[in-house]
Amino acid sequence: MSVAEYATTPTPIGPFTTLVDAEGAVLASGWTEDAEGLRELIHPRLRPAELRRRESLGEVSRTVEKYHAGEVFAIDDIAVRQISGPFLVHAWEVLRKVPAGNPLTYTAFAARSGRPEAVRAAANACARNAAALFVPCHRILRTDGTLGGFRWGLPVKRWLLDHEFPAKSTPGTGT
């Protein structure tokens, strides 16, 4: 029986809950207090059977606080564990390399993921990402620069983008 620990951290845009495995890798996260809902986002092969609440997850919780306080690159070194098919796993790895301050379009993200014709598959990688913030799918925008979808709501996505790029920026083209 596997157990994941979780903690909820207050942020300027609402409570942020993170679930981690026994090694401290993020399994799921998002702007919610619903740890059970986050648990359901985890791939069945990794999904913990039980959740244990903690006041803090140490470095992971401190990183959530640092990010929301303005250290937008603090999330880059936190371990994440997600599994799925080869394309999704690769696309999530690519997402982790999209730097704060340089959003991409879904088209550019598909190209960086090695399948330029697979824009819908790239969008699906964002939609199926369980580890929001640590796998920064909020940095992917529609071709026209509009927000597109986001599991945690467009106001949260807008806040994150504004937080990461206080000056108005244009989505990257991937070139």
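User: The radius of gyration is taken over C-alpha atoms, and the globule rule is 2.2 Å times the number of residues to the power 0.38. This is a predicted model, in which local features need pLDDT of at least 70, side-chain atom pairs count only at pLDDT 80 or more, and totals for chains, interfaces and linings use all residues. Residues are numbered from 1 along each chain as its sequence is written, and side-chain values use heavy atoms, with hydrogens and water left out. What radius of gyration does the protein chain have?

Analyst: The C-alpha atoms fill a box of roughly 45 × 35 × 25 Å along the principal axes. For 175 residues, the rule puts a compact globule near 16 Å, and the protein chain agrees with this, having a radius of gyration of 15 Å.

User: Which share of the contacts with a separation of 6 or more comes from residues 24 or more positions apart?

Analyst: A contact means heavy atoms within 4.5 Å. Of the contacts in the protein chain with a separation of 6 or more, the share from residues 24 or more positions apart is 58%.

User: How many residues of strand β2 are buried?

Analyst: Buried means under 20% relative accessible area, exposed over 50% and partly exposed in between, with a 1.4 Å probe and protein chains only. In a regular strand, side chains alternate between the two faces of the sheet. In β2, one side carries Phe-16, Thr-18 and Val-20 and the other Thr-17 and Leu-19, all of them buried. For the strand, residues 16–20, the count of buried residues is therefore 5 of 5.

User: Over how many bridges do β1 and β2 pair?

Analyst: Two strands pair if DSSP finds at least two bridges between them. Thr-9 stands opposite Phe-16 in β2, and Glu-5 has Val-20 as its bridge partner there. Strand β1, residues 3–9, runs antiparallel to β2, and the number of bridges is 5.

User: In the hairpin of β2 and β3, which residue takes a positive phi?

Analyst: Strand β3, residues 26–30, is antiparallel to β2 and joined to it by 4 bridges, with Thr-17 opposite Gly-30. The hairpin has 5 residues between the strands, and the residue with a positive phi, near 90°, is Gly-24.

User: What distance separates the C-alpha atoms of Gly-58 and Ala-7?

Analyst: Gly-58 lies in the loop between β4 (50–53) and α2 (59–68). Gly-58 is partly exposed, because its relative accessible area is 22%. Gly-58 and Ala-7 are 51 residues apart along the chain, and their C-alpha atoms are separated by 9.6 Å.

How values were computed:
Helix = DSSP H or I, 4+ residues; strand = E, 2+ residues; numbered from the N terminus.
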